[in-house]
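Dear colleague,

Please find the structure below, together with its sequence. My notes on its aromatic contacts and strand arrangement follow.

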Amino acid sequence: MKKETARVISQNRIADGIYSMWIETSAAKDAKPGQFIDVYVNDDSKLLPRPISICEVKENRLRIVYRVVGGGTKIMSSYQEGDEIKIIGPLGNGFSMRDGKAILVGGGIGIPPMVELAKQLSERNGKENVISVMGYRDELFLTEELEKYSTVVIATEDGSTGTKGTVVDALNENGVSGDVMYACGPIPMLKALKDWAKDIECQISLEERMACGIGACLACVCKTKEKDEHSNVCNKRICKDGPVFDAKEIDF
């Protein structure tokens with residue numbers, strides 16, 4: 001992988017602190033659902049890239065949806081059409097698509113990677129075999145995109161839309177069932193989903209702060225049940241071995 005100078009096609013704010021950016025890049029042709037790109041900001045004081053999951057892919061363009069949480073993403077949110085942006089990608093291992101009825105679960109900023117996954121699963125197995133269960137704090141985003149490719153079930157913390165509570169509450173309240181689960185979001189959510197989906201295959205995408213993004217620095221590791229060949233201990237590199245894992249591999 002080498003750093004590439006891509007071009008911003010468009011950017012807009014889609015919710016409070018949430019931005020959507022379309023980028024023209026050669027990385028789009030190889031991108032798969034669940035992978036991410038490393039974004040370098042135009043500020044010499046910020047040496048490390050920001051890992052951002054891939055939301056959608058269209059020909060030579062890809063979309064990232066991210067939350068402004070610090071100085072780097074604040075700079076990213078100022079980019080406009082025509083601006084150059086340095087990236088590396090696509091990085092990591094994405095989701096493995098299966099036949100049968102799929103349950104997609106996203107929480108917070110773990111929702112964006114579900115869009116491209118829902119699109120490709122609906123093309124593979126039919127929209128009727130894809131159900132998206134999305135968890136929000138309050139304000140919704142990307143629901144219209146997900147509704148194109150799946151049946152959408154919503155959970156909100158305040159109960160303003162859908163089920164009041166967690167995505168697990170929404171799964172139970174709506175009697176959701178399926179053959180395989182794909183999930184991305186905060187660790188407590190993924191841990192609960194691992195327990196909920198114990199009788200079906202469950203692929204989870206882990207969110208983590210990263211440094212190099214290519215598996216060299218061992219800054220982003222998760223505890224696993226098997227030894228990693230690279231480090232010879234019971235962990236794996238989220239950026240290189242993941243970010244998607246079989247839930248049974250991960251020791252929360």
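A residue is called buried here if its relative accessible area is under 20%, exposed if over 50%, and partly exposed in between (1.4 Å probe, protein chains only). By that definition Tyr182 is buried, at a relative accessible area of 0%, and Phe95 is buried as well, at 7%.

This is a predicted model, in which local features need pLDDT of at least 70 and side-chain atom pairs count only at pLDDT 80 or more, while totals for chains, interfaces and linings use all residues. Residues are numbered from 1 along each chain as its sequence is written, and side-chain values use heavy atoms, with hydrogens and water left out.

Aromatic contacts

Rings of Phe, Tyr and Trp (its six-membered ring) pair if their centres lie within 6.5 Å; planes under 30 degrees apart count as stacked, over 60 as edge-to-face and the rest as tilted. The structure holds three aromatic pairs. In one of them, the ring centres of Phe95 and Tyr182 are 5.7 Å apart and the planes stand at 85°, so the pair is edge-to-face. This pair links distant parts of the chain, 87 residues apart: Phe95 lies in the loop between strand 6 (84–91) and strand 7 (102–107), and Tyr182 in strand 11 (residues 180–185). Helices (H or I, at least four residues) and strands (E, at least two) are DSSP runs, numbered from the N terminus.

Tyr136 and Phe141 also form an edge-to-face pair, with centres 5.4 Å apart and planes at 90°; both residues are buried.

A charge sits over a ring if NZ of Lys or CZ of Arg is within 6 Å of the ring centre and within 35 degrees of the ring normal. The charged end of Lys3 is placed in this way over Tyr40, 4.0 Å from the ring centre, and that of Arg61 over Trp22, 5.4 Å from the ring centre.

Strands

Two strands pair if DSSP finds at least two bridges between them. An open sheet of seven strands has the order 10-9-8-7-11-12-15, with mixed pairing. Its edge strands, strand 10 (163–164) and strand 15 (244–246), each pair on one side only. Strand 7 and strand 11 run parallel and are joined by five bridges; Ala102 has Val180 as its bridge partner in strand 11.

Strand 3 (residues 36–40) is largely enclosed by the rest of the structure, because five of its five residues are buried. Four bridges join strand 3 to strand 4 (residues 50–58) in the antiparallel sense, with Val39 opposite Arg50. Strand 3 also runs antiparallel to strand 6, again over four bridges, and there Tyr40 stands opposite Lys86.

With kind regards
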